[in-house]
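These are my notebook entries on one structure. I set down what I looked up and the criterion applied each time.

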Amino acid sequence: CGFYGGKYYIAAARIDSRVRQSPRFYNTQAIRRKAVDTLKRYPRNRLYKHLANCALNYNCLAAKNLFMRRWEAPLPTARFCNARCIGCLSQQESDCLASHERIAFRPRVDEIAEIMINHLRTAREAIVSFGQGCEGEPLTEADTIAKAVMLVRSRTKRGTINMNTNAGMPEKVKLLCQAGVDSFRVSLNSPEKKYYDLYFRPRGYSY
């Protein structure tokens, strides 16, 4: 990014015309009311409670979208990771504190499926995504996720089921494709092994 002649310049091209990240879509009081109402309706779902904290305390826009029944909603499931990313949002090995607390429990299949069904059936431009800043690598919970996805797809075909992943467990990617996951976004900070390894520091898989 540069500044010249009274103007800012950036070496980038806009490819998405939508403005869903605009603050005008995120009224804090409205989101709080929706979150409180949802927790009253689903008191036994621990994942809703976890995501309410993400929405109200961590300012996670995806979690806010969940309670507003629109766009992309998060589905954190993984307590562990097969990488040690330098910039991990939920776990740090240094004195630098992580910006989020990692999910501390394994959600049940019914907890995951309940949120997915509610969102996919009713949300505008509905997407649900595994692999969030408040969790580890979702492929480490692939068996549980696959069961939830199959249950959901037996009840609704609406919307997109996505996963953000390092793809370090390809056999689990195949399992999830067969279960019904529609899309994968694979993390790749560099196409060069040297830099990939420096950042991700993979464990149990290689570049």
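How many aromatic pairs does the count come to? I counted rings of Phe, Tyr and Trp (its six-membered ring) as a pair if their centres lie within 6.5 Å, with planes under 30 degrees apart taken as stacked, over 60 as edge-to-face and the rest as tilted. By this rule I find seven aromatic pairs. One of them is edge-to-face, because the rings of Tyr196 and Tyr207 have centres 5.3 Å apart and planes at 65°. Tyr196 belongs to helix H7 (residues 193-200) and Tyr207 to the segment after H7, so this pair ties together parts that are eleven residues apart in sequence.

I note the basis of the entries. The model is predicted: local features need pLDDT of at least 70, side-chain atom pairs count only at pLDDT 80 or more, and totals for chains, interfaces and linings use all residues. Residues are numbered from 1 along each chain as its sequence is written, and side-chain values use heavy atoms, with hydrogens and water left out.

I took buried as under 20% relative accessible area, exposed as over 50% and partly exposed as in between (1.4 Å probe, protein chains only). Tyr196 is buried at 4% relative accessibility, whereas Tyr207 is partly exposed at 43%. I also see Tyr196, Tyr199, Phe200 and Tyr207 linked by ring pairs into a cluster.

**Cysteines.** I required two cysteine sulfur atoms within 2.5 Å for a disulfide, and the count comes to zero. The closest cysteine sulfur to that of Cys54 is in Cys134, 3.9 Å away, which is too far for a bond. Cys54 is buried, with 2% relative accessibility, while Cys1 is exposed at 84%.

**Strands.** I took helices (H or I, at least four residues) and strands (E, at least two) as DSSP runs, numbered from the N terminus, and strands as paired if DSSP finds at least two bridges between them. Strand S5 (residues 160-165) is largely enclosed by the rest of the structure, because five of its six residues are buried. Strand S4 (residues 124-130) runs parallel to S5, joined by four bridges, and Ile127 stands opposite Thr160 in S5. S5 also pairs with strand S6 (residues 183-186) in the parallel sense over four bridges; Ser183 in S6 is the bridge partner of Asn162.

**Crossovers.** I called a crossover right-handed if, with the strands pointing away from the viewer, the path from the first strand over the helix to the second runs clockwise. S4, helix H5 (residues 142-153) and S5 form a right-handed β-α-β unit. From S5 the chain crosses through helix H6 (residues 170-179) to S6, and this β-α-β crossover is right-handed.
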